[in-house]
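Visitor: I would like to learn how to read a few local features in a model. Please take them one at a time.

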Amino acid sequence: MRRENLGGVLAAAVVPYVMDVRAPAGLRVDLDRFERHCTWLVRNGCTGVLVNSFALGESGSLTYAEQREVTRAAVRAIGSRATVVAAVHDVGAHQVVERIGQAAEDGADAVLCMPPLSYEPSHAETVLHYEAVAAAGLPVLVCNNPAGCRVDLSPAILAELSALDNVVGICDFSGDVTRIWKTLALAPGTAVITGGDTIVVDSLLSGACGWIGALPNVFPEQAVQLADLLASGLLVEAEALRCALDGPLRWYKRPAVVQMVKFAMDYCGLYGGPYRPPRHGLAAKMLSQVRHEVRSAVKWLTPG
């Protein structure tokens, strides 16, 4: 995977489950449905999928064996037609390196990696972590997600990490659009991907070359259209489409984003399905809000 292949829209793919009393929490990963979902995402213009992501991929609710099955399912579904990025977050570099080896065996094109989980490393420890990760074999996307771990990587350290051999890009989930242009100012030419649906318009206009999002799980064609309009400088048309998708674009920063996305998928005739603990059903007020937002988006996007 090369830096120039990082553009476009990657879906942070949700995981479908079916009832199975023998599986964890009574829910088994439905690999057939997941393959169909990945195929559908690529058919509708996504340049790839992120599997086992911290939020949308419910990685904390999957066993390591299940995460490998999910990666292999995505690879089977889209093969060389698109990119499969596997999230490999863990506590120490030695654990991440082992998981990168497994991701390579399973056919992933690249990995997404946060700083060490459950520990606040020093600057030097952060660099050592990514040096070990980058030496493990697969191309690496450095992930800044301060809500998912105890570290908020500054533009200066993101620029420093982008220079490591085998680091092909930066993915920023901080929700702070200034991280993008500040990082690019320090390291011109770095492939920076935005990880925030809420600020996707500002991020792409600030120099981000790609977008990893929740929205494509429900509206992949429109997500790709939004990115294309912005790349073409058609800002009026892009703003109109953003307004139509405003509600769903705001789900990304909510703790219940998985439940919201899966409900919207079910509403649109796709398969969202259930979710494993610690996630449970949406409260009545939030459910009503999500229903209204997805209904409004569908009404706006449906011709006639």
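Guide: A polar contact is a pair of N or O atoms within 3.5 Å; within protein, one must be able to donate a hydrogen and the other to accept it. This is a predicted model, and in it the side chain of Asp106 makes such a contact with the side chain of Arg68, at 2.9 Å.

Visitor: Where is Asp106 found, and is Asp106 buried or exposed?

Guide: Asp106 lies in the loop between helix 3 (93-105) and strand 6 (110-113). Buried means under 20% relative accessible area. Asp106 has 7%, so Asp106 is buried. Leaving aside neighbours within four places in sequence, Asp106 is in contact with Arg68, Thr71, Arg72 and Val75.

Visitor: How are two packed helices described?

Guide: Two packed helices are described by the angle between their axes and the distance between the axes. Here the axes of helix 4 (residues 123-134) and helix 5 (residues 155-162) come within 11 Å and cross at roughly 30 degrees. Angles under 35 degrees count as roughly parallel, so helix 4 is roughly parallel to helix 5. The crossing is right-handed.

Visitor: Which residues of helix 4 and helix 5 meet?

Guide: His123, Thr126, Val127 and Tyr130 in helix 4 meet Ile157, Glu160 and Leu161 in helix 5. By class, this contact has four nonpolar, two polar and one charged residues.

Visitor: What is the relative accessible area of Cys268?

Guide: Cys268 has a value of 29% and is partly exposed. Cys268 sits in the loop between helix 11 (257-267) and helix 12 (284-301). Leaving aside neighbours within four places in sequence, Cys268 is in contact with Val218, Phe219, Val294 and Val298.

How values were computed
Residues numbered from 1 in each chain as written. Predicted model: local features only at pLDDT ≥ 70, side-chain atom pairs only at ≥ 80, totals over all residues. Heavy atoms only, no water. Helix = DSSP H or I, 4+ residues; strand = E, 2+ residues; numbered from the N terminus. Buried < 20%, exposed > 50% of the residue type's maximum accessible area, 1.4 Å probe, protein only. Contact = heavy atoms within 4.5 Å. Axes fitted to C-alpha atoms, helices over the stretch in contact; angles between N-to-C directions. Parallel < 35°, antiparallel > 145°, perpendicular 65-115°, else oblique. Left-handed = near helix turned anticlockwise from the far one by under 90°. Nonpolar A, V, L, I, M, F, W, Y, C, P; charged D, E, K, R; others polar.
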